[in-house]
Amino acid sequence: MEPPFKPKPLLNKSELRQIKRTRTRVEGKKVLTDDVKKLKSLKVTPDLSFTESIDYFKEPIWIEYYIPKESQFAYETKYLYIYLVDPKTKEDPSFDAIKKAKTNGEIVDVYSYLHSDAADLIQASYHSTISMHETIHTIFENYKESKTTEDLKTACYLTEALLKYEPTIASLTHFRDYVIFNLNFFIRLLNQNKIEFSLEDATVSLLIKRRNELWEDENRPEDEDFDLLAALFFEQAFPNRGASELSNDDMLLFE
């Protein structure tokens, strides 16, 4: 009879690519590994300077593995650093708001556009969320004036919540992927001010998907540690969901 915790071989590049594609399962099995050496070899955090780390979202990953010699489980917390990918822009008026915000070092402040020529369309598109936009507007204006950071988490969480209400007609015609742009903006701002915060699993999934798409589009070198930690995240976040159930709608706001 085989022991219940027989060590598995190290994951090779092909298996890691499979994890990346399926997100939660490899050959129909849960993405788990009992290889203590592999798990312990994962860095707690990547080698990033503070300036570099500002461009990443940090997600804690709880790792559990069995040590046969000691007949006990060990637990460690390591961190998945997800590179923030801003929306791409095109030569189209619908991207002008993001371009302007990027140039000015600001968020796309939807509330401030209520006094523009598109006020009626914006009001109609955001009638159920206008109070959220107003709160974000007020927090950011206070930050610009006095560098008040105490409400930045609230602005970030409200921005995250707005993901559930997009796309709207106003975003498709005037603001495009403004929520992703603003979310990345607030994550960086919180990182700069060393403020601890967390995001919903679905939002983290979105950030991972955007990061992976950038790596694939630009043919960047694989990061085996990232791939394994990302697979463990998906297993922890969505333990009862198969790969086929994780649709693009779960992870991407706009194509």
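The model is predicted. Its protein chain comes to twelve helices and four strands. Of the 255 residues in the chain, 45% count as buried. Among contacts between residues at least 6 apart in sequence, 71% join residues at least 24 apart.

**Packing of H9 and H10**

- Two packed helices are described by the angle between their axes and the distance between the axes.
- Helix H9 (residues 178-192) packs with helix H10 (residues 201-217) at an angle of about 100 degrees, and their axes are 13 Å apart.
- Angles of 65 to 115 degrees count as roughly perpendicular, so H9 and H10 are roughly perpendicular to each other.
- On the H9 side the contact is made by Ile180, Leu183, Asn184 and Ile187, and on the H10 side by Thr203, Leu206, Leu207 and Arg210.
- By type, the residues of this contact are five nonpolar, two polar and one charged.

**Helix H9**

- H9 has 15 residues and reaches 21 Å from its first C-alpha to its last, close to the 21 Å expected at 1.5 Å a residue.
- This helix is mostly covered, with 14 of its 15 residues buried.

**Helix H10**

- The 17 residues of H10 should span 24 Å at 1.5 Å a residue, and the end C-alpha atoms are 24 Å apart, which agrees.
- Twelve of the 17 residues of H10 are buried, so this helix is largely enclosed by the rest of the structure.
- Among the buried residues of H10 are Thr203, Leu206, Leu207 and Arg210, which also belong to the contact with H9.
- Other buried residues of H10 include Lys209, Arg211, Asn212 and Trp215.
- Asparagine 219 follows H10 and has a positive phi, near 50 degrees.

**Threonine 203**

- Threonine 203 is found in helix H10 and is buried, with a relative accessible area of 4%.
- Its side chain makes a polar contact with the side chain of glutamate 160, at 2.7 Å.
- Not counting residues up to four places away in sequence, threonine 203 touches Glu160, Leu163 and Leu183.

**Leucine 84**

- Leucine 84 lies in the loop between strand E4 (72-83) and helix H4 (96-104).
- Buried means under 20% relative accessible area, so leucine 84, at 2%, counts as buried.
- Leaving aside neighbours within four places in sequence, leucine 84 is in contact with Ile54, Asp55, Tyr56, Phe57, Asn184, Ile187, Arg188 and Leu207.
- Among those partners, Asn184 and Ile187 are also H9 residues of the H9 and H10 contact, and Leu207 is an H10 residue of that contact.
- Leucine 84 and phenylalanine 181 are 97 residues apart in sequence, while their C-alpha atoms are 9.6 Å apart in space.

**Backbone features in loops**

- Most residues other than glycine have a negative phi, and most peptide bonds are trans.
- The peptide bond from glutamate 166 to proline 167 is cis, with omega near 5 degrees.
- Proline 167 is found in the loop between helix H7 (152-162) and helix H8 (169-175).
- Serine 71, in the loop between strand E3 (56-67) and E4, has a positive phi near 50 degrees.
- Serine 71 is exposed, with a relative accessible area of 54%.
- Lysine 147, in the loop between helix H6 (130-146) and H7, has a positive phi near 60 degrees.
- Lysine 147 is exposed, with a relative accessible area of 52%.

Terms used:
Residues numbered from 1 in each chain as written. Predicted model: local features only at pLDDT ≥ 70, side-chain atom pairs only at ≥ 80, totals over all residues. Heavy atoms only, no water. Axes fitted to C-alpha atoms, helices over the stretch in contact; angles between N-to-C directions. Helix = DSSP H or I, 4+ residues; strand = E, 2+ residues; numbered from the N terminus. Parallel < 35°, antiparallel > 145°, perpendicular 65-115°, else oblique. Contact = heavy atoms within 4.5 Å. Nonpolar A, V, L, I, M, F, W, Y, C, P; charged D, E, K, R; others polar. Buried < 20%, exposed > 50% of the residue type's maximum accessible area, 1.4 Å probe, protein only. Polar contact = N/O pair within 3.5 Å; in protein donor to acceptor, adjacent residues only side chain to side chain. Expected span 1.5 Å × (residues − 1).
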